[in-house]
Structure formats: structure tokens, C-alpha cells
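Hi there,

Here is the structure I promised to pass on to you. My notes on its salt bridges follow below.

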Amino acid sequence: MIAVSPRRVALGLAMMVPLAACATTVTPTPSGVATERPSPSQAAVGSPSPDATPLPSVAPTATPSGCIAGNRVPVGATESFTTIPNAGRGVALTLDMGGRLDPGIDILNLLIANQVCVTLFPTGAMAETVEGQEVMALIKGNPALFEIGNHTMHHCDLVLGGGGSPTTAPCAGVTPTPDFIRQELTDAAVILAQLSGQQPVPYWRPPYGSVNQAVRDAAASAGYTKTFMWDIDTIDWKPMADGGPTAQQIASKVVSNAQDGSIVLMHLGGYETLDALRIMIPGMRDRGFLLTSLSDLLN
């Protein structure tokens, strides 16, 4: 970690011009498709009240952002992050890609229009779907904005077993061993590298945020030494009909609670994520934050 550079100070000031980021456990349904519910092991940060002060929404405007993606750090020592120390006035918006993908293309196009760097964590299984391949093609075509980490092959719970997306196979009835964990990561890596043009090593995120030291050690033995958690959970995977947050609540939560080096957890299939980003991007830039990749913060 290094102190903030003059480049980052200047870029942080430039970002003050406004322009128009889940921990869950899984319950199998009769059809075998996984559904998500909150995990008691992970606490959300700063959930806003329904009457939170509205933030302005600004239409997308392409402009140089100053963010950097693709400057991946080496494998190095095993580390786990909920925030990035010494990151200066930077915040990482991260998008998991392990389930529903309906708004994914629109989300990436919004980020491209606003020149926002993000780190995405796809699973191998979702990357192989028709919509997933379209998403991966956009990632491949915009390497200066989008970088990837590994979210495993099948989105199994690597501590408790079970879980899985888009189906519970092959997670059901499995007690994850170190070999199983390594296989989940290496199988996904082949697909992610082929479709995105990027090697995800050494970045990964455990499905459902379910991780312990044994899981981290197994991942590190496959080259995944950087485990990324989060300090702001948007809970965007939960629809409003089931008590999930509105776009305004998501944006207010992120803008109000972000700190230097924050890691924001969102989902490419989040129900209100697209509209939340339209509010969040100018709101964060009004606060002087540079929205950038995990690699950029680590460097």
C-alpha cells in the first residue's frame, strides 16, 4: 500500500463535477433454481429510512473519469479485504454475477457512458449462459473500465456446502474439501479467461460471503490470494415486493456511507441497481470520490 499520489489527488478533484456498486444464503426451490435470502453472518451498513433525502439523478454523460482497470496486483501474500487501506479518495463499485442477469447489459452500458471503472465477479456457469456471454463480450471490449475476479464455477457455499446458481447441482449434498474449492475456482477461470480475455487470478469473492481460514487457504493454493469482501452491502438482489430497497434507498446508502477505500457490493442482476447507479454516480462524484477498480485502489 502506498500513500495517495498527486495523480489521484488531482483526479479526485476532477470528479467533483456531477455526472449522470449480498451476503446471502440459498434456499433451493422445487425446480432446483436457487433463491436468495439475507445471511445472518453479514451486516448491511447504514440502511437509509424510506424518507431519506432524495439525491439528484443526472443523465449519463461520457467524460474522462481518471479511473484505471486492468493493473492487477501480483499473487503475493494472502490478504482479505473489506476496505482498501491507503486508497485515497477512491471507492470500488463491485458487481457480482452469480444469478439473475436481466439488467446486466444496460448496467454495463451505463458505466461505459459515464466512464466508471468497476470490478466484476462472474461465476463460470453464468458466464456461459447466452446473456452471460453478451456481458462478457462487453467486459472484453472495455478492458480499461472492467476487470474481473473469480466467483467460482457454480456459486456453492464453500463453508457449509449447498447453495448453487442457476441450479443447486453440483453443490447439493457436498461438504467442500480443499480439492473441491480449488476445482470450483480453476474450472471457472478457464471460462472467464476465454470469454473476457482476462485471467482472474489472484482476485476472488466467496459466494454468499461464506468464508473461513480453511477456505481462504484452499483458494490461495490455487493462486487466489486476494479475497474481496465489502463494507457496504446494497442488498440489491432482493426485490421491492419482498421488502428489498428502492433505487433511491440503495443510492442514499452508498453515497451516505462511503469512505476512502470502501468496497460496495452490488449485483449485475440487482432489481433496482440500474436506476440506483443513475443517482449514485453523480452523488459519489459530488462528494469528491473517484469511482474505480479494486486494482486501482490496491495500487
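**Salt bridges**

Asp-260 has a relative accessible area of 43%, so Asp-260 is partly exposed (buried means under 20%, exposed over 50%, and partly exposed in between, with a 1.4 Å probe and protein chains only). Its partner is Arg-89, also partly exposed at 32%; the two side chains meet in a salt bridge of 2.8 Å, N to O. A salt bridge here is a side-chain nitrogen of Lys or Arg within 4 Å of a carboxyl oxygen of Asp or Glu. Asp-260 sits in the loop between helix H7 (247–257) and strand S10 (263–267), and Arg-89 in the loop between S3 and strand S4 (90–97), so the pair ties together parts 171 residues apart in sequence. Helices (H or I, at least four residues) and strands (E, at least two) are DSSP runs numbered from the N terminus.

Before you read on: this is a predicted model, where local features need pLDDT of at least 70 and side-chain atom pairs count only at pLDDT 80 or more, while totals for chains, interfaces and linings use all residues. Residues are numbered from 1 along each chain as its sequence is written, and side-chain values use heavy atoms, leaving out hydrogens and water.

The count comes to six salt bridges. One of them joins Glu-79 to Lys-226, with the closest N and O atoms 2.6 Å apart. This pair links strand S3 (residues 79–81) with strand S8 (residues 226–228), 147 residues apart. Glu-79 is partly exposed at 31% relative accessibility, whereas Lys-226 is buried at 4%.

Best wishes
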